[in-house]
Amino acid sequence: MNKLYLWGLIITAAMLGATYLSVGMSKGGLNGDIVNMLAVAGAVALVIITVFVVIKYVRQMQTDQATGELAEESWDNIGEYKNSVPFGWAIMFLGTMIWGMWYFTVGYPVNAFSQIGQYNEEVAEKNAKFEKEYANIQGDRLVEMGESVFLAECKVCHGIAADGIDGKAANLNQRIEEKSVKYVIEHGSNNKLLGTEMPMPDRNGLFNAATGTLITDAEIDAVAKYVANGLKDANSEGAKVFANTCASCHGPDGKGMEYVAPNIAEFTPALVVNVLTHGKKGAIGKMPAFDRLNAKQKEAAAAYIISLSKGE
Amino acid sequence: MFHWLEKHPFLFAVGVFITIAFAGLIEIVPNFAEASRPVIGTKPYSTLELAGRNVYIKNSCNACHSQLIRPFKAETDRYGHYSLSGEYAFDRPFLWGSKRTGPDLMRVGNYRTTDWHENHMKNPAAVVPGSIMPGYPWMFTNKADIDTAYAEQLTVAQFFAVPYNKPVPMKDGSTAVVKMGKSVAEAHALALEEAKKVAADMKDQDVKDAVARGEIPEIVALIAYLNSLK
Amino acid sequence: MENRPLEYDYTVAKMFMLTTVLLGIVGMLIGVTLAFELAFPSINTILGSGLAEYTNFSRLRPLHTDAVIFGFTLSGIFATWYYVGQRVLKVSMAESGFLMFIGKLHFWLYIVGVAAVVVSLFAGVTTSKEYAEFEWPIDIAIVVVWVLFGISIFGLIGIRREKSLYISVWYYIATFLGIAMLYLFNNMEVPTMLATSPAGETGIGNWWHSVSMYAGTNDALVQWWYGHNAVAFGFTVPIVAMIYYFLPKESGQAVYSYKLSLLSFWGLMFVYLWAGGHHLLYSTVPDWMQTMGSIFSVILILPSWGSAINMLLTMKGEWQQVAASPLIKFMVLGSTFYMFSTLEGPIQAIKSVNAIAHFTDWIVGHVHDGVLGWVGFMIMAALYHMAPRVFKREIYSKSLMAAQFWIQTLGVVLYFTSMWIAGITQGMMWRAHDEFGNLAYSFIDTVTVLHPYYAIRGVGGLLYLVGFLMFAYNIYKTWTSDREVDAERLNASPMGA
Ligand code: HEM
Ligand code: HEM
Ligand SMILES: [Ca+2]
Ligand SMILES: [Ca+2]
Ligand SMILES: [Cu+2]
């Protein structure tokens with residue numbers, strides 16, 4: 001075999017090897033996706049075709065002789081042969097022209113392709129597939145799924161460790177931070193955390209039943225600490241304030257009451273789903289709503305967040 | 001024939017021109033009437049948003065960011081509904097981009113917020129570890145060009161009948177009116193009013209102070225624009 | 001035929017050779033900077049954070065593309081025109097005071113245009129349209145420059161001695177007409193200073209600012225009709241003009257086939273313009289228009305390959321020349337890269353492939369195997385061939401040229417292979433769903449994986465830049481050396497060791 005063809009084969013093998021490696025190294029590989037396969041096949045074909053066609057002409061440089069009848073003209077001493085066009089080239093040019101005209105006037109209209117139609121099919125197919133799977137996703141698997149949602153959608157704001165990246169978003173490893181509790185008491189809150197329009201009053205609406213007056217700055221500090229601490233320290237000043245000011249709505253244990261106030265002791269699926277559905281605006285900033293997540297994805301995200309704060 | 005043409009340069013040139021010109025006609029003309037009609041819910045840009053859009057263009061954000069969501073599930077999952085032609089009716093120029101070094105921004109207003117943008121534009125890697133987007137801290141001090149944005153509004157209203165100060169239909173059946181000032185001074189006042197709302201959600205004290213003084217830093221206009229992308 | 005060369009006047013060619021080299025260095029230096037900014041973002045503030053507004057990736061990127069396209073490539077086109085035009089039309093610029101004047105005016109106005117572009121892009125004055133970033137005042141300057149170029153072409157043709165136009169001239173004429181048509185239509189814009197407010201104020205805001213005549217999808221359509229064909233009439237047609245002259249000339253071989261030249265030329269003219277839709281696949285332009293773009297892209301392989309094959313066949317039986325001359329190597333490898341990118345483009349224009357390729361670095365890879373391997377190689381080869389004839393001196397160093405060839409070839413290969421892998425990897429990651437039906441990767445995951453490829457690309461680009469500096473040095477030394485050649489060689493440029 002000629003050395004050139006050997007080189008061609010070496011390049012081809014290198015190409016195939018590199019492709020194999022880079023596809024193999026990527027998570028999921030080709031993923032059974034026809035688009036992925038076509039792209040990779042196209043890249044491989046491109047190298048192989050170009051290399052071997054060029055080798056063919058290089059061979060002619062090595063072995064052939066220039067021949068043919070010269071045209072009369074010469075421009076700045078450049079001559080020109082009257083050779084006919086290479087046969088293969090001519091056939092392919094003609095062939096692609098005919099194919100193009102056929103495709104545009106017959107093939108394409110008959111096929112009635114529409115990109116939106118294609119999209120609808122793709123979505124229907126994938127949704128059907130995953131809906132079937134969703135039925136069985138529970139418990140640890142649901143947390144795992146939630147982690148996958150979190151890593152794709154939420155970590156940009158909450159950080160990979162869900163710590164809120166230095167206060168740029170909520171730290172999800174704990175139910176709530178002191179600063180946020182304080183802010184809510186001072187300014188009220190209306191984030192549809194119950195799924196409905198049910199605001200929490202601001203400090204001007206918060207009576208301390210024990211003192212019979214509006215909650216004071218000192219009491220706010222105390223109760224905020226208590227709530228942020230996970231309502232653990234039952235003997236603290238904060239606990240007393242809580243019992244007398246907040247428990248009426250949030251319940252004695254802070255676990256909330258349906259239609260009255262949300263759970264502020266721990267994350268619940270309903271709470272997280274409501275945040276994802278309506279967004280949330282607070283002391284830290286604004287959390288956008290996530291319409292594009294489906295119900296199962298929201299449920300999973302909640303399961304993951306709950307698992308995080310449990311892990312504390 | 002061709003040999004003859006090669007001896008008659010003028011006719012040769014005419015031949016070349018005809019050969020290359022008519023493909024353009026067939027490609028471009030049929031779409032013109034159809035595509036420029038806005039879909040329901042598409043509003044013209046306010047003065048501040050337009051100033052922000054010009055900040056976006058000035059800094060060539062389109063070098064890294066597309067604004068075109070293609071109809072693939074992976075894309076609509078990531079960015080939201082695929083793009084519709086009529087949504088671009090007020091986009092002069094279009095900003096589809098041709099390279100996604102960063103994510104698509106066509107609907108970024110749906111899933112990012114003022115305070116996040118503020119942190120991110122100042123130093124992207126501080127919010128998104130590993131980000132290769134440059135920071136744009138000077139936008140916090142440079143002043144947005146409201147005059148030019150206003151001139152642009154006037155131009156599109158006068159030359160292309162963009163509906164300012166007129167009701168435009170919204171998706172929920174209501175109508176919305178995007179106001180355009182009657183004078184430069186009024187345009188500034190309108191922009192400032194909007195800027196105050198954006199600044200209220202921001203943390204940077206210098207920016208808040210500037211807006212309180214009646215100035216509009218570029219970042220405020222840019223965020224107004226980014227928030228309008230939905 | 002008697003071979004007594006006319007005394008051609010290369011004054012204008014020389015001026016444009018200078019800008020080809022200088023703007024090439026500038027453009028590629030910025031390119032290398034961009035490449036490393038993506039690999040190591042701290043380079044964005046390389047001149048300090050105070051200047052970051054002017055040195056960050058997004059401000060510099062249009063400067064790169066415009067410096068290499070409207071600086072390096074266009075200068076190369078002008079330089080070769082003012083050289084090749086005279087020779088194949090057999091008429092000297094010295095014979096017409098008028099054309100000489102136009103030529104010089106063309107150059108100096110071009111310099112003014114370049115200066116205006118540099119200032120405006122650094123200042124962030126841009127319309128955002130790729131390869132058409134300039135605001136209306138610069139557009140006007142560009143139109144004037146272009147008209148002068150046209151007068152030069154047709155003026156020289158008007159006083160020619162050689163009745164029949166050589167193939168290269170066909171391509172130069174097409175370059176002129178194509179860009180003229182495209183540029184005008186894509187730059188229709190209304191200056192905003194024309195507006196009057198209801199209160200009667202006029203001249204509001206920046207005087208240079210404008211808005212596009214077209215909106216949204218229409219604007220995109222016109223832009224990519226332009227953008228695609230700017231590639232056609234900037235990176236393909238005039239470069240083919242060059243190879244049709246310089247390869248036969250340097251090798252002393254006759255062009256393989258007139259018929260192939262003819263069919264390739266008219267085929268290219270006819271097919272190219274229809275393919276612009278491949279930049280808008282899966283966008284909001286109508287399906288049929290996208291399909292048309294795909295179909296014509298596939299057809300386009302043949303007229304593109306026609307010219308390349310014609311050139312490769314011109315070298316039939318001349319392997320010893322290819323082996324011996326780095327100058328010819330540049331051109332033979334150039335046609336190979338031309339074939340490569342004109343097969344790659346059509347593959348990327350297939351809808352399903354474009355679903356991955358679009359928006360990724362695979363496109364950037366495609367761009368650069370074309371511009372580095374084809375446009376860059378051809379322009380450098382052309383200047384190498386011209387130098388001894390223009391400066392009447394031996395090329396300074398053949399071994400330097402050979403070293404440059406291998407360094408740059410390695411650079412191109414590193415550039416496009418890394419961008420291939422980067423692009424396909426990223427495209428596949430964007431599309432991937434995991435077992436739960438969620439997106440498998442957040443966007444930033446698809447950015448951080450690219451780091452090694454961005455670094456490799458940077459190294460590839462740096463090698464190419466180093467090669468270009470070797471080229472600049474070689475040309476400079478040729479110009480200033482004392483190794484004069486008195487009789488011009490018909491072919492095989494004289495080179496020192
Ligand atoms: C048969 C010939 C060719 C075809 C069919 C073709 C096709 C394509 C396609 C499909 C794209 C990608 C569009 C996208 O998805 O963003 C593209 C981009 C590009 N090609 Fe080609 N290509 C060809 C030859 C060339 C050559 C020879 C060059 C340069 C020497 C070139 C330069 C470019 C450039 C600069 C872009 C980037 C445009 C942008 O900014 O997005 N192409 N081409
Ligand atoms: C030293 C060599 C070069 C290097 C390192 C280089 C690097 C780059 C980089 C990093 C980009 C931006 C890609 C992105 O946005 O991700 C780019 C874009 C581009 N470069 Fe270069 N470049 C080089 C030489 C050239 C030359 C010689 C030309 C033309 C003659 C050229 C034409 C372009 C074009 C047309 C684009 C835009 C591509 C697109 O939008 O798809 N480059 N280059
Ligand atoms: Ca591009
Ligand atoms: Ca313009
Ligand atoms: Cu194209």
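Predicted model: local features only at pLDDT ≥ 70, side-chain atom pairs only at ≥ 80, totals over all residues.
Residues are numbered from 1 along each chain as written, and chains are lettered from A in the order of writing. Local features need pLDDT of at least 70, while totals for chains and interfaces use all residues.

Chain C holds 17 helices and two strands. These are DSSP runs, with helices (H or I) of at least four residues and strands (E) of at least two. The C-alpha trace spans about 75 × 60 × 50 Å along its principal axes. Chain C has a radius of gyration of 23 Å, which agrees with the value near 23 Å for a compact globule of 497 residues. The radius is taken over C-alpha atoms, and the globule rule is 2.2 Å times the number of residues to the power 0.38.

Of the 497 residues in chain C, 71% are buried. Buried means under 20% relative accessible area, with a 1.4 Å probe and protein chains only. Contacts (heavy atoms within 4.5 Å) were taken between residues at least 6 apart in sequence; in chain C, 82% of these join residues at least 24 apart.

The contact between the chains takes 101 residues from chain C and 86 residues from chain B. Together the two chains bury about 8000 Å², with 68% of it on carbon and sulfur atoms. In chain C, Trp266(C), Phe359(C) and Phe443(C) lose the most area to chain B, together 10% of what that side buries. Buried area is the accessible area (1.4 Å probe) that two parts lose on being put together, summed over both.

Key
Heavy atoms only, no water. Buried < 20%, exposed > 50% of the residue type's maximum accessible area, 1.4 Å probe, protein only.
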